[in-house]
Amino acid sequence: MAKKKAVVEVRGMSCASCVNTVKTAIAHTPGVVSVEVNLATDQAFIEYEEEKVDLVEIAKNVSKVGYALDIEQAKTNEELQRIKEQFIASTLFMVPVTILMVMHMSGIMFPNMELLQLILSALAVATAGQETVSRAFKALFHGQWTMDVLVASGIVMAVLSGAISLVYPSVYSFASVGAMILFFNLLGKYLESSAKKRAAKSIRALLDLRPQTARIIVDGIEVEIPVQQLDPGDIMVVRPGERIPTDGILLEGECYVDESMISGESMPVQKNIGDSVIGGSINLGSPIKVKATRVGEDTFLSHLIDLVQQAQAARMPIQDNLDKVIAIFVPAVISLAVFTFIFWLAFPGLAANVNNYLSSILPWVPKGLTGFSLAAFASIATLVIACPCALGLATPTAVIVASGLAAKHGAYFKDGSAFQRLASVNTVVFDKTGTLTTGKPTVRRIVAFEENAEQLMYSMAKQSQHPLSRAIVAYFEENKKMDSALQLENVKETPGLGVLATFSGKTYSLGKPKIEQDVQQFIDPTDSTVALYDETDQVLLAVCALYDPVREDAAMAIEELKAMGIEPVLLSGDREEVVKAVATAVGIKTFKANALPEDKLDFIKRLKAEQPESIIAMVGDGINDALALRLADVGIAMGSGTDVAIESGDVVIYKTDIGTIVKTVKIAKATAKKISQNLFWAFFYNLLALPLAMMGAIHPVIAEIAMAFSSVNVVTNSLRLNRIKL
């Protein structure tokens with residue numbers, strides 16, 4: 001049965017309890033396979049069986065619990081605008097209500113003043129607060145406890161106190177407080193939404209890279225079409241300054257392209273005929289023609305967008321514990337508010353004494369409150385000061401900012417929990433080729449022992465994607481102008497061993513030398529070696545010596561990792577002399593050579609067995625290292641974002657720069673620190689504020705301001721990740 005994935009906007013969420021309510025409504029819809037809901041981005045990531053259910057039906061179930069799914073994928077600007085309109089509406093009522101309240105507190109009274117305050121506050125709730133109150137009632141009806149329930153309870157209770165005071169003048173009216181609570185609640189939501197929008201700008205920036213139209217050649221004529229109508233094989237015309245519509249191969253023209261939004265590399269990249277180009281990158285040179293190879297959701301940019309969205313939607317392990325706290329948070333706060341109300345009613349004498357004392361030292365506490373009035377005052381404050389929002393935002397906002405910052409530098413997380421694991425890494429195992437070295441080997445010399453050996457070596461190298469094979473092919477094509485390959489049969493490439501093929505009835509192999517003594521006289525000790533054998537007659541036909549320069553930034557990056565308390569290890573399939581030379585050059589003490597893919601897997605297993613408390617990261621190119629990448633606690637796939645790399649690693653480094661690995665580790669550590677800070681302040685705020693509110697020491701309006709500030713503080717603290725020094 002066909003499964004489909006969708007990312008949709010969710011409207012109306014304000015706390016972690018809202019997230020659980022929306023998630024439950026979606027998950028209980030028949031046909032939904034999995035769902036994750038993100039408070040920080042206001043998005044739901046849904047996988048469903050399209051033969052059983054569609055997004056319209058899912059949206060209906062979400063609507064029943066008081067929220068809305070924007071299945072048309074409207075931008076978050078509309079949600080922000082809606083909150084802004086509600087805030088402005090609340091302001092229109094709050095201003096006259098505040099003036100009346102100040103007059104009342106100053107002893108300036110006029111007939112029916114309290115009735116006017118009540119009417120204005122009730123109108124504010126009925127208009128600007130209608131959505132909040134409606135969601136609260138729907139949540140309660142479905143047995144859900146959300147932040148809206150707390151806020152709406154406080155507002156309604158405040159307005160009701162005004163109505164009661166008209167009948168019983170001894171009761172203090174808090175009607176104006178209801179309007180002010182609503183005002184500051186909406187102000188907090190607006191500020192929080194604005195901050196969340198800034199936090200999520202990375203994914204919008206990637207989405208904005210997608211061109212909307214493309215010019216293709218049809219019957220010799222340029223025709224402009226929507227990008228969605230592109231097919232593989234279409235010939236696209238891209239002018240200077242334009243974005244390349246989709247992934248392709250450069251057919252005509254040479255140019256530099258700007259890939260900075262994808263790789264983090266500010267320097268333009270030169271592209272020649274035959275080179276691959278990425279959709280979304282900018283043509284900085286002359287007009288070019290590009291043959292489309294991948295379109296729609298198959299493009300590299302789409303893969304990167306999926307990676308960022310997956311990382312932002314993923315749950316970190318710490319959130320499981322938070323969910324347990326949040327699940328009981330709102331019911332606990334309501335219970336505390338009820339207890340507070342009953343307590344002050346039961347002890348009116350104590351209430352009067354406490355109120356007299358507090359009002360004498362705290363200017364915002366009204367004087368002369370009766371038992372009922374103090375009970376209402378304290379319980380309203382208790383309801384609105386508690387804030388599960390800050391707890392719910394603590395982790396996802398930090399992950400969103402961090403994933404955007406990592407993407408800016410060319411690193412893409414497949415899994416948000418990888419941030420938490422990478423922050424604790426104490427051992428990093430490096431592959432050599434393409435990681436510590438440039439990954440662009442150069443042929444030093446080729447020694448052939450038979451007449452057709454070079455042609456055969458070129459033909460077999462053409463069958464392999466290994467960096468050494470590509471270097472051999474480039475050498476023959478550039479220096480010997482060789483462009484025609486032999487027609488080989490039964491071609492088989494084995495990672496770590498090389499290529500086997502049949503030609504003219506004989507079997508040949510191209511790969512590592514079988515006996516080192518066969519090739520020692522033809523190579524330098526630090527060269528990598530590829531040997532061509534006639535397997536049928538067991539004869540060595542040719543030897544190729546290649547060298548792969550160490551990256552200029554490798555030694556500095558290794559030193560930075562050491563300074564962070566991380567042990568670097570080198571693990572390579574190359575000869576021991578080569579591996580030892582590279583390890584010495586970059587400052588790595590522990591290394592292993594001659595490692596086949598299964599040897600690398602065993603090496604990681606042994607490390608984990610010997611150091612069970614260690615968190616191990618493996619860095620490789622995602623092809624020969626796929627098994628080791630998956631086994632490591634964190635797999636970091638280097639290279640140009642090949643499909644295998646994207647599948648193998650928890651983190652994909654598009655920019656082949658070892659310095660990016662150091663930056664990514666720093667981002668992960670800074671993210672873990674920010675999450676800890678966010679959680680500390682969220683818990684500290686609630687532990688300090690709730691007892692004071694229950695005592696009647698905090699005015700409900702101040703309580704609402706503090707509640708709103710705590711959520712905004714968590715988001716803005718996460719945004720400070722963008723300022724860390726990398």
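**Sheets and a loop residue**

Analyst: Strand β18 (residues 498–503) and strand β19 (residues 506–511) run antiparallel and are joined by six bridges. Strands here are DSSP runs (E, at least two residues; helices are H or I, at least four), numbered from the N terminus, and two strands pair if DSSP finds at least two bridges between them. This is a predicted model, in which local features need pLDDT of at least 70, side-chain atom pairs count only at pLDDT 80 or more, and totals for chains, interfaces and linings use all residues. Residues are numbered from 1 along each chain as its sequence is written, and side-chain values use heavy atoms, leaving out hydrogens and water.

User: Which are the edge strands of the open sheet of six strands?

Analyst: The antiparallel order is β16-β21-β20-β19-β18-β17. Pairing on one side only marks the edge strands, β16 (442–448) and β17 (489–494).

User: Is Gln 228 buried or exposed?

Analyst: Gln 228 lies in the loop between β6 (221–226) and β7 (235–238). Buried means under 20% relative accessible area, exposed over 50%, and partly exposed in between (1.4 Å probe, protein chains only). Because its relative accessible area is 66%, Gln 228 is exposed.
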